[in-house]
Amino acid sequence: MNILTAKQAWARLSEEPTPVLIDVRTPQEWQFIGLPDAEKLPCPLVCLTWAPDQEEAFVAGLTQAVPDRTQPVLFLCRSGMRSHHASTLAEHAGYEHVTNIADGFEDKHGPGTGWKAAGLPSAHKPLSGS
């Protein structure tokens, strides 16, 4: 598993044509906190919640969203922990190029860390029916 900061991930996503960014947070987080702006991303964005009690469903969703296990996948959560677990699951499922974005979408571990604090493109995704 590779580990990158949000800024490093953005540089990679901007330079390579094939990666997929996978946000593993919850729909509530996407709605209230925001998520990477899919319209400004140079790659596909997949929103697929990871939860410790739903690992089989997560892997099933991942293999449906990204069937080519040689395609690079970069995982993002709030602070890097859930994305670490999702990255580990992806590796066990046979994905060859897995990256965890260690400072997450809104990491609180230091100034300027995380997707939002780095000023990378973000937006809000309303929940269905809202």
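Which strands do the buried residues of α1 pack against? They pack against β1 (2-4), β2 (20-23), β5 (73-76) and β6 (98-101), where contact means heavy atoms within 4.5 Å. Helices (H or I, at least four residues) and strands (E, at least two) are DSSP runs, numbered from the N terminus.

A quick word before you click on: this is a predicted model, local features need pLDDT of at least 70, side-chain atom pairs count only at pLDDT 80 or more, and totals for chains, interfaces and linings use all residues. Residues are numbered from 1 along each chain as its sequence is written, and side-chain values use heavy atoms, with hydrogens and water left out.

**Stop 1: helix α1.** Select residues 6-15 and colour Ala6, Ala9, Arg12 and Leu13, which are buried; that means under 20% relative accessible area, with exposed being over 50% and partly exposed in between (1.4 Å probe, protein chains only). These four sit on the same side of α1 because they cover an arc of only 120 degrees around the axis, taking the directions from the helix axis to the C-beta atoms. Now look at the other side of α1, where Lys7 and Glu15 are exposed.

**Stop 2: the aromatic pairs.** Rings of Phe, Tyr and Trp (its six-membered ring) pair if their centres lie within 6.5 Å; planes under 30 degrees apart count as stacked, over 60 as edge-to-face and the rest as tilted. By this rule there are two aromatic pairs to find. Show Trp10 and Trp115 for an edge-to-face pair, 5.9 Å centre to centre with 85 degrees between the planes. Trp10 is in helix α1 and Trp115 in the loop between β6 and β7 (122-123), so this pair links distant parts of the chain, 105 residues apart. Trp115 is buried, at a relative accessible area of 0%.Next, pick Phe58 and Phe75, a tilted pair at 6.3 Å centre to centre and 50 degrees between the planes. Phe58 lies in helix α3 (residues 55-65) and Phe75 in strand β5, so the pair ties together parts that are 17 residues apart in sequence. Phe58 is buried at 1% relative accessible area, and Phe75 is buried at 0%.

**Stop 3: a charge over a ring.** Bring up Arg25 and Phe105: the charged end of Arg25 sits over the ring of Phe105, 4.3 Å from its centre. The rule here asks for NZ of Lys or CZ of Arg within 6 Å of the ring centre and within 35 degrees of the ring normal.

**Stop 4: Val66.** Finish in the loop between α3 and β5, where Val66 lies. Val66 is buried, with a relative accessible area of 0%. Display its contacts too: leaving out residues up to four places away in sequence, Val66 touches Val20, Ile22, Gln71, Val73 and Tyr95.
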